[in-house]
Amino acid sequence: MDNKLGLEFITCFNHMTERTADQNVPWLLHVDCHGLHITLELLSYARDHNIIIMIYVLHSTHLCQGLNVAVFGVHKVHWAQECEKFERESGRTIRKEDFLLVHARAIQRTFKKETILSAWEKTGLRPFNPDIITPDMVAPSTAMSTHTLQLFPVAQPTPVH
């Protein structure tokens, strides 16, 4: 199933961008390490259609994905504001049939050129700035460290005797 989804994903990407693409210049597609993004079918399709796949380093997408870094937080604020406005103007809470209308208003406020460009800048991808993500930001978590004596200085009881 992953192979079919991955191929469908990149086919859609290609069809949605090919009208504006310069066929002599490769397109760059950033993806995470999810299995459907790195199938042989997807990578072959990308090669055949002049699409370069850049895979984010494992466990770094929270730092590298512009949507996470600069867009979704803004969208969350806009969503809350639009919900409040809808409820104030209509005198009722949002129902299922209202969701798309209210969400579309929040999307229109959020997904603007300046917001998208800000996302690229905050992740250091455009303009390229490798100093945006520091070594400390990708260091192992202390909570996940193997140095358990630091975390548990007292010997833990064991059920084994």
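In this predicted model, the second largest pocket has a volume of about 230 Å³. Its lining is made up of 15 residues, among which Met-54, Cys-64, Thr-123, Leu-125 and Ile-133 are the closest to the centre of the pocket. Two elements, strand 2 (51-55) and helix 3 (61-64), each give two or more residues to this lining. By class, the lining of the second largest pocket comprises 11 nonpolar and 4 polar residues, with no charged residue.

The largest pocket holds about 680 Å³ of space, and 25 residues line it, with Leu-29, His-30, Tyr-56, Leu-67 and Trp-120 the closest to its centre. Contributions of two or more residues to the lining of the largest pocket come from helix 1 (2-17), strand 1 (27-31), helix 4 (66-90) and helix 6 (113-122). When the lining of the largest pocket is divided by class, 17 residues are nonpolar, 7 are polar and 1 is charged.

In soluble globular proteins, nonpolar side chains tend to be buried together. The largest nonpolar core of the model consists of 9 residues, namely Ile-10, Phe-13, Leu-29, Val-31, Leu-42, Tyr-45, Ala-46, Ile-51 and Ile-53. At least two residues of this core are supplied by each of helix 1, strand 1, helix 2 (40-48) and strand 2, and helix 2 gives the most, with 3 residues.

Notes:
Residues are numbered from 1 along each chain as its sequence is written. This is a predicted model: local features need pLDDT of at least 70, side-chain atom pairs count only at pLDDT 80 or more; totals for chains, interfaces and linings use all residues. Side-chain values use heavy atoms; hydrogens and water are left out. On a 1 Å grid over the protein atoms alone, a cavity is a set of points where a 1.4 Å probe fits but cannot get out, and a pocket is an open set with protein on both sides within 12 Å along at least five of seven lines; lining residues have an atom within 4 Å of a point. Grid points are joined across faces, edges and corners, and a volume is the space filled by probe spheres set on the points. Helices (H or I, at least four residues) and strands (E, at least two) are DSSP runs, numbered from the N terminus. Ala, Val, Leu, Ile, Met, Phe, Trp, Tyr, Cys and Pro count as nonpolar, Asp, Glu, Lys and Arg as charged, and the others, Gly among them, as polar. A nonpolar core is a set of buried Ala, Val, Leu, Ile, Met, Phe, Trp, Tyr and Cys residues joined through side-chain atoms within 4.5 Å. Buried means under 20% relative accessible area, exposed over 50%, partly exposed in between (1.4 Å probe, protein chains only).
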